[in-house]
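Student: I'm new to this one and would like a close look at a single part. Pick a spot and walk me through it slowly, please.

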Amino acid sequence: SIIPNQTAIMPAYPNPFNGRVTIPFNLSEITNSSIIIYNIIGQIIEKRSLRDFPPGKHKIVWNGLTNSGHPISTGIYFVKLKTNASESIQKLIYLK
């Protein structure tokens, strides 16, 4: 497999989304990283550790639920790929 040169979040699809969204990302090395989803006022909605992911191309699917299992409201959200060395952010739009 080909290892990406850079750790980054790729365009999520579908976006806008209703129900679930696929968030692809690339990891260039093994690192302590996570995917964090925020609402428009900066509250953490969902956080997933990527500790066990090897270098390469990956994707996760988010079903529009908070960490506690509650459905989100229509609006703008931000997904961040955070590593020890960098951050990559993308806007998501949820429509009911």
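Tutor: Let's start with E46, which counts as buried because its relative accessibility is 11% (buried means under 20% relative accessible area, exposed over 50%, and partly exposed in between, with a 1.4 Å probe and protein chains only). Keep in mind that this is a predicted model: local features need pLDDT of at least 70 and side-chain atom pairs count only at pLDDT 80 or more, while totals for chains, interfaces and linings use all residues. Residues are numbered from 1 along each chain as its sequence is written, and side-chain values use heavy atoms, leaving out hydrogens and water.

So who does E46 team up with? E46 makes a salt bridge with R48, and their closest N and O atoms are 2.9 Å apart (a salt bridge is a side-chain nitrogen of Lys or Arg within 4 Å of a carboxyl oxygen of Asp or Glu). Side chains of opposite charge can pair when their charged atoms come close. R48 has 23% relative accessibility, so R48 counts as partly exposed.

There are two salt bridges in the structure. K80 and E87 form one of them, with 3.6 Å between the closest N and O atoms. Here K80 counts as buried because its relative accessibility is 13%, whereas E87, at 47%, counts as partly exposed.

Strand 4 covers residues 44-49, and it pairs with strand 3, residues 34-39, in the antiparallel sense over five bridges (strands are DSSP runs of E, at least two residues, numbered from the N terminus; two strands pair if DSSP finds at least two bridges between them). For an example, look at I36: its bridge partner in strand 4 is K47. Strand 3 and strand 4 make a hairpin with four residues between them, and G42 in the turn has a positive phi of about 90 degrees.

Now follow the chain into that loop between strand 3 and strand 4, where you'll find I41. With 64% relative accessibility, I41 counts as exposed. I41 also belongs to a nonpolar surface patch with I40 and I76, and together they have about 300 Å² of accessible area (such a patch joins nonpolar side chains, Val, Leu, Ile, Met, Phe, Trp or Tyr, within 5 Å, from residues with over 30% relative accessible area and no salt bridge; areas come from the Shrake-Rupley method with a 1.4 Å probe, and only the protein chains shown count as cover).

Technical notes
Patches are made of residues with over 30% relative accessible area and no salt bridge: like charges are joined within 9 Å, nonpolar side chains (Val, Leu, Ile, Met, Phe, Trp, Tyr) within 5 Å.
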